[in-house]
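Have the model open as you read.

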Amino acid sequence: MRGVTPALVGPVWRTLPWRGLAAAGTLGLLLAAAPDAAAAEPTSWETLTLLRGVALIGALGLAFLLDDPARDLTAPVPTRRPLRQALRVAMVAPLAALWWTAVLLLAPSASRPPAGDITVEAAVLGVLALAGAATAVRLTDEARPGPSVAAALLLAAVLVPLLAPESWALFAAPEDPRWPAAHDRWAVLLAAAAVVWGVCGPEPLGRWGRRSRGVGGPV
């Protein structure tokens, strides 16, 4: 297995959705830089909303990360699917971190919210996108679940602020006294999304196990 993993780097790199990721990244950077480019002085709430929108754009790009047009060919290979998915994420994660750092630097510094807290919010959206993609891959035979996951994430981004209990205050402003408690809840959401992603990572034994037995006899 140690020899197989390095051999996967090249093929996995070539199959990553670089165009979609680049488009989302470029749009996010342009949006973050818009206030300075327009010589505007946004309020803290406007900058917070701007950064949340940029984080959503980045997450929509990540929703396509687990798309695999060759899924039927790669599922039976000896390398387990969690390792293949982890390799995809490992290739993109450093670029995503650099991108988010650039977004924070481009945002108006005078009205920028606490970097650590808004980064937690962005991480939740990104991990939710990956968890949704992993769930779609596990529960369906769809080779490219990205569009459906992105649509579901966008719908959730619209509905959650409207339907979330007021006591949760997930979308509080930095000057709101509920801001620290809200980000404790964001951290819980991050952990929950990571657990869902981990649970949905492995290939269902029933699906490929039955297929293998049908082809080669008892396993």
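Predicted model: local features only at pLDDT ≥ 70, side-chain atom pairs only at ≥ 80, totals over all residues.

Helices (H or I, at least four residues) and strands (E, at least two) here are DSSP runs, numbered from the N terminus. By that count, Ala169 falls in the loop between helix 7 (146-163) and helix 8 (179-199).

Residues are numbered from 1 along each chain as its sequence is written, and side-chain values use heavy atoms, with hydrogens and water left out.

**Helix 2 against helix 5**

- The axes of helix 2 (residues 18-37) and helix 5 (residues 81-106) come within 8 Å and cross at roughly 15 degrees; axes are lines fitted to C-alpha atoms, for helices over the stretch in contact, and angles run from 0 to 180 degrees between N-to-C directions.
- That makes the two helices roughly parallel to each other (angles under 35 degrees count as roughly parallel, over 145 as roughly antiparallel, 65 to 115 as roughly perpendicular and the rest as oblique).
- Their crossing is right-handed, meaning that the near helix is turned clockwise from the far one by less than a right angle.

**Helix 3 against helix 5**

- Helix 3 and helix 5 pack at an angle of about 160 degrees, with axes 11 Å apart, so helix 3 is roughly antiparallel to helix 5.
- This crossing is right-handed.
- Leu51, Val54, Ala55, Gly58 and Leu62 of helix 3 touch Val92, Trp99, Trp100, Val103 and Leu104 of helix 5.
- The contact of helix 3 with helix 5 divides into nine nonpolar, one polar and no charged residues.

**The core**

- Which residues touch the most other members of the largest nonpolar core? Out of 37 residues, they are Leu65, Trp100 and Val103; such a core is a set of buried Ala, Val, Leu, Ile, Met, Phe, Trp, Tyr and Cys residues joined through side-chain atoms within 4.5 Å.
- Elements giving two or more residues to this core are helix 1 (4-15), helix 2, helix 3, helix 5, helix 6 (115-139) and helix 7.
- Not counting residues up to four places away in sequence, Val103 touches Leu29, Ala32, Leu51 and Val54.

**A buried glutamine**

- Gln85 is found in helix 5 and is buried, at 6% relative accessible area (buried means under 20%, exposed over 50%, partly exposed in between, with a 1.4 Å probe and protein chains only).
- Leaving aside neighbours within four places in sequence, Gln85 is in contact with Leu66, Ala134, Trp197 and Gly201.

**Loop residues**

- Ala39, in the loop between helix 2 and helix 3 (44-62), has a positive phi near 55 degrees.
- Ala169 has a positive phi too, near 50 degrees.
- Are these alanines buried or exposed? Ala39 is exposed at 67% relative accessible area, whereas Ala169 is buried at 8%.
- Asp68 lies in the loop between helix 3 and helix 4 (71-74) and counts as buried at 14% relative accessibility.
- The C-alpha atoms of Asp68 and Thr15 are separated by 7.3 Å, though these residues are 53 apart along the chain.

How values were computed: Contact = heavy atoms within 4.5 Å. Nonpolar A, V, L, I, M, F, W, Y, C, P; charged D, E, K, R; others polar.
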